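Here's a quick briefing to read alongside the model. Have the viewer open as you go.

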Amino acid sequence: MIVEQVWTGNAYRNFNYLIACAETGEALAIDPLDYPKCLALARDRGWNITQILNTHEHGDHTGGNAGMVKATGASIIAHKNAGRRISNMDRGVGAGDIITVGKTVELECLDTPGHTMSHICVLSRTEQPALFSGDTLFNAGAGNCHNGGHPDELYATFQNQLQGLAEQTRIYPGHDYLINNLRFTLDREPDNTAAKLMLDKYENQDPDDALVTTLAQERDINTFFRLDNPSVIARLQSQFPDIGDNPDPRSVFLKLRELRNSW
């Protein structure tokens, strides 16, 4: 499996992706908002884009569909419940469904509600797994729930699905929010050495050559995975005494998501 992360350079800081089969040159485009840039890269690599995957229905993830389909004839894949919100969808998928690319690539669909209720992440069936996480999981952060989602569902997705992934899983999110998310982690957990070191090293990184984290790193630097951390809990208790002395993980997650909304 060949992965190309495409930095759009737009105000929303979107990442698009191309996943290609090395044997056939067939490629899948994930959320190709900047479809001209994706097409140019595919031409440069000698790839043929045959499928589009939309992780969810928001316009900054579906806005390139029409141009990509016109240029390539690619079919559109998305969550099975997103058909009314994604025009000309060809295939609806759910948990456990497999997307194949060429002869060598298999991607397993995860039904991951929270950011929206019709959100798909895909997990590669490779020796080192890769998760294409859309707006569910960001580097050092979690998606918001403002436009059709719910924080309770996002918590369940993190706890019941993301927590169980292999530590070596590489994380490919839909946006580059790394630096702001690290600053939020340090606001919540000032003694987080791993987050501080990562911020110092990557604060001025080139998004065209962005850091790709692993789930093991996320457990160290992403506050939404650190719900039992004493520093995180103590900071929350000072602001929200109602959570008590031993808040459950759900309460911690929901308060963190609430704080991140206005941080």
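Which strands does helix H1 lie across? Helix H1 (residues 35-45) lies across E1, E2 and strand E4 (48-53), and runs at about 145 degrees to E1. Keep in mind that this is a predicted model: local features need pLDDT of at least 70, side-chain atom pairs count only at pLDDT 80 or more, and totals for chains, interfaces and linings use all residues. Residues are numbered from 1 along each chain as its sequence is written, and side-chain values use heavy atoms, with hydrogens and water left out.

**The sheet**
- Six strands make an open sheet with mixed pairing, in the order E1-E2-E3-E4-E5-E6.
- Strands E1 (2-7) and E6 (91-93) sit at the edges with a single partner strand each, so one side of each has no neighbour in the sheet.
- E1 and strand E2 (residues 15-20) pair in the antiparallel sense over six bridges (strands count as paired if DSSP finds at least two bridges between them).
- Asn16 in E2 is the bridge partner of Val6.

**The other helix on the sheet**
- Helix H3 (residues 65-72) packs on the sheet too, touching strand E3 (26-30), E4 and strand E5 (75-79).

**His56**
- You'll find His56 in the loop between E4 and helix H2 (59-62).
- His56 is buried, at 1% relative accessible area (buried means under 20%, with a 1.4 Å probe and protein chains only).
- Leaving aside neighbours within four places in sequence, His56 is in contact (heavy atoms within 4.5 Å) with residues including His61, His115, His119 and Asp135.

Definitions and conventions: Helix = DSSP H or I, 4+ residues; strand = E, 2+ residues; numbered from the N terminus. Axes fitted to C-alpha atoms, helices over the stretch in contact; angles between N-to-C directions. Buried < 20%, exposed > 50% of the residue type's maximum accessible area, 1.4 Å probe, protein only.
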